[in-house]
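The sequence and the model are shown first, and the discussion follows.

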Amino acid sequence: MSLETKQSLSETTVKKLQKLIRANIDSYDGFRESAEELSDKKLATLFREIANERSALATELQNYVQWNGEEAEDDGSASAGVHRAWINVRSKLNGGDPYVILIEAERGEDHIKNAYEEVLKDTAGSAMNDVLLSQYAVVKAGHDKVRDLRDAYKNK
């Protein structure tokens, strides 16, 4: 096996990047759509900021996949569409209650955080490790913000 570089990633690494691209697109879609449901302007602004971060993460990974001669994912997963539909139903039933939306957002954040942890484990020593660790820090910070807000709204 030859040494992996960012321009010569293994097939396994490229597959894992595709998985994270889908997870980031799902996260982007979820935060963007949830921001539209929220009447709480401050929370809607935060959701848009996180959505933009996730879009940037997806784009960065798409670039690496394309540099390796593959077609990068540009769509989220089917299960995310189901999850967003569930958020929409719950938010309408609860009049756009920020706490309910934060519960669902945190569930989505657990998903993307776990996806990064799994990929980091599966690609340990990969040429992409530095990029993935940097992205994981951004994802974890977003996760923790949503979790802390959920807890703060719970006590309102």
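Is Arg22 buried, partly exposed or exposed, judged by its relative accessible area? Arg22 is partly exposed, because its relative accessible area is 26%. The model under discussion is a predicted one, and this value, like the others below, is computed from it.

**Overall architecture**

The protein contains 5 helices and 0 strands. Read from the N terminus, its elements follow the order α-α-α-α-α. Of the 156 residues in the protein, 46% are buried. Contacts between residues at least 6 apart in sequence can also be sorted by their separation: 77% of them join residues at least 24 apart.

Two packed helices are described by the angle between their axes and the distance between the axes.

| Helix pair | Angle between axes | Distance between axes |
|---|---|---|
| α2 (residues 41-67) and α5 (residues 129-154) | roughly 160° | within 11 Å |
| α4 (residues 98-122) and α5 | about 155° | 9 Å |

Angles over 145 degrees count as roughly antiparallel. The angle of roughly 160° between α2 and α5 therefore makes α2 roughly antiparallel to α5. The crossing of this pair is left-handed. On the α2 side, the residues in contact include Leu43, Leu46, Ile50, Leu57 and Leu61. On the α5 side, they include Val131, Leu132, Val138, Val139, Val146 and Leu149. Sorted by class, the contact of α2 with α5 comprises 13 nonpolar, 3 polar and 4 charged residues.

Helices α4 and α5 are likewise roughly antiparallel to each other, and their crossing is left-handed. By class, the contact of α4 with α5 holds 16 nonpolar, 4 polar and 9 charged residues.

**Salt bridges**

The structure holds 15 salt bridges.

In one of them, the side chains of Lys6 and Asp130 meet at 2.9 Å, N to O. Lys6 belongs to the segment before α1 (11-37) and Asp130 to helix α5, so the pair ties together parts that are 124 residues apart in sequence. Asp130 counts as partly exposed, because its relative accessibility is 48%.

Another salt bridge joins the side chains of Glu73 and Arg22 at 3.0 Å, N to O. Since Glu73 lies in the loop between α2 and α3 (78-93) and Arg22 in helix α1, this pair ties together parts that are 51 residues apart in sequence.

Asp144, by contrast, is buried, because its relative accessible area is 18% and buried means under 20%. Salt bridges with shared partners join Lys140, Asp144, Arg147 and Asp148 into one network.

Definitions and conventions:
Residues numbered from 1 in each chain as written. Predicted model: local features only at pLDDT ≥ 70, side-chain atom pairs only at ≥ 80, totals over all residues. Heavy atoms only, no water. Axes fitted to C-alpha atoms, helices over the stretch in contact; angles between N-to-C directions. Helix = DSSP H or I, 4+ residues; strand = E, 2+ residues; numbered from the N terminus. Parallel < 35°, antiparallel > 145°, perpendicular 65-115°, else oblique. Left-handed = near helix turned anticlockwise from the far one by under 90°. Contact = heavy atoms within 4.5 Å. Nonpolar A, V, L, I, M, F, W, Y, C, P; charged D, E, K, R; others polar. Salt bridge = Lys/Arg side-chain N within 4 Å of Asp/Glu carboxyl O. Buried < 20%, exposed > 50% of the residue type's maximum accessible area, 1.4 Å probe, protein only.
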